[in-house]
Amino acid sequence: MIEIVLDWCKGCEICVKRCPVDAFEISDILNKRGIYPPKLKEVNDCNYCRLCELLCPDFAITVIPDEEKEPVESKSKLIIGGICNEV
Amino acid sequence: MKEMMNANELRKKYLVEDMMPTIFCNGCGHGNALDYVFWAMEELELDLDKVAFTSGIGCSSRIPGYINADGLHTTHGRALAFSTGLKAARPDMDVIVFTGDGDCTGIGGNHFIHAARRNIDITVILLNNFIYGMTGGQQAPTAPIGSIATTSPYGNIEQAFNICELAKALGAAYVARWPVSHPYQPIKSIKEGIQKEGFALIELMSPCPTAYGRRNKLGNIEKLWQWYDDNTILMEEYDKIMDYGTEEEKEAIKSMIQIGVFQDEEKPGFFEAYDELVDRLIEIDDKKAQGGK
């Protein structure tokens, strides 16, 4: 998920141009300054690299990785010499 | 390793959110520099009560106002002089200076030279945008040859100031130059600069679309950021091409701006040497007093 502080955005579109997976587009919500801030595309390949967060000069973007998408940690069972060791 | 902080938490900790949004123009790189300093401070786990920010006059010098720490907004070009005093009075504090190219090398040139020469333990973050942005786009000493400003409408004919080479020659402990368009190298350099005992200069090339870009046919923010990518070269690569490249390759990179870490040395800072001097004199004085009796 990507949070955007709409009123802090000045519309430089650096995030749209510099996103490595092209996940941003310009939204149709007008903000207080009279510009259209970006938003995530409906279908996107965002992998939470957090580059947009660092490149935004106006501190308007926060990347919060979706928790459900994270791989579930599972205990591997190594079998050595017939004895089952939980690692 | 500590888990990376959420950007919202980072802003709550370091940014004065009442002051937001910043006064910087659309597409200005100064906000990036501020963000990188936050990340560097977060990674170093600095105590905000033990850090002071100093600045002179100019766009870049508005930055300490956005930080949740002590700041000193001083006269034009004298940020380094004030920081020297601050460091002398409170050696336990980390002093970080935000300054612009006009502020540091134009008006405060001599202060800069002598602060670097004395190797005073401060970290200077120099935001170079090639122009006096706040006062209406006059030509700065760092402007590349041929660039247009209000005071040079037919193109600049003066040679540009190479700040990093100057600081290197003066013997500063840490000198680096990076464009703000790539985040990780500047963060690393700022971190190293703060940790360094001695004068650390980190020159961040920050695009100015309003005053510099508009007059130099780079008004489009995307074009200006692309210009920084196209016209900078890593210094290691530059040296390699200069040693082994063909004539055409050499010609192509000649006008490019070198980026990278120019100097990284361990040497005693000014106040360390001063403390030693004081100790030595006290010892001599004690011996004299004993001999006198």
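**View 1. The end of helix 5 of chain B.** Just after helix 5 of chain B, Asn119(B) adopts a positive phi of about 60 degrees; helices (H or I, at least four residues) and strands (E, at least two) are DSSP runs, numbered from the N terminus. This is a predicted model, in which local features need pLDDT of at least 70 and side-chain atom pairs count only at pLDDT 80 or more, while totals for chains, interfaces and linings use all residues. Residues are numbered from 1 along each chain as its sequence is written, and chains are lettered from A and ligands numbered from 1 in the order in which they are written.

**View 2. The buried side of helix 5 of chain B.** Within helix 5 (residues 109-118) of chain B, the residues His111(B), Phe112(B), Ala115(B) and Ala116(B) are buried (20 or more other C-beta atoms, placed from the backbone, lie within 10 Å of a residue's own). Because they cover an arc of only 125 degrees around the axis, they lie on the same side of helix 5 of chain B, the arc being that of the directions from the helix axis to the C-beta atoms. The buried residues of this helix pack against helix 3 (79-89), helix 4 (101-107), helix 6 (163-169) and strand 8 (200-205) of chain B.

**View 3. The contact between chains A and B.** Chain B gives 20 residues to the contact and chain A gives 17 residues, where two residues are in contact if their C-beta atoms, placed from the backbone, lie within 7 Å. Helix 1 (7-14), helix 2 (30-44) and helix 9 (221-230) of chain B each supply at least two residues of the side that touches chain A.

Key. A residue is buried if 20 or more other C-beta atoms lie within 10 Å of its own, exposed if 12 or fewer, and partly exposed in between; C-beta atoms are placed from the backbone.
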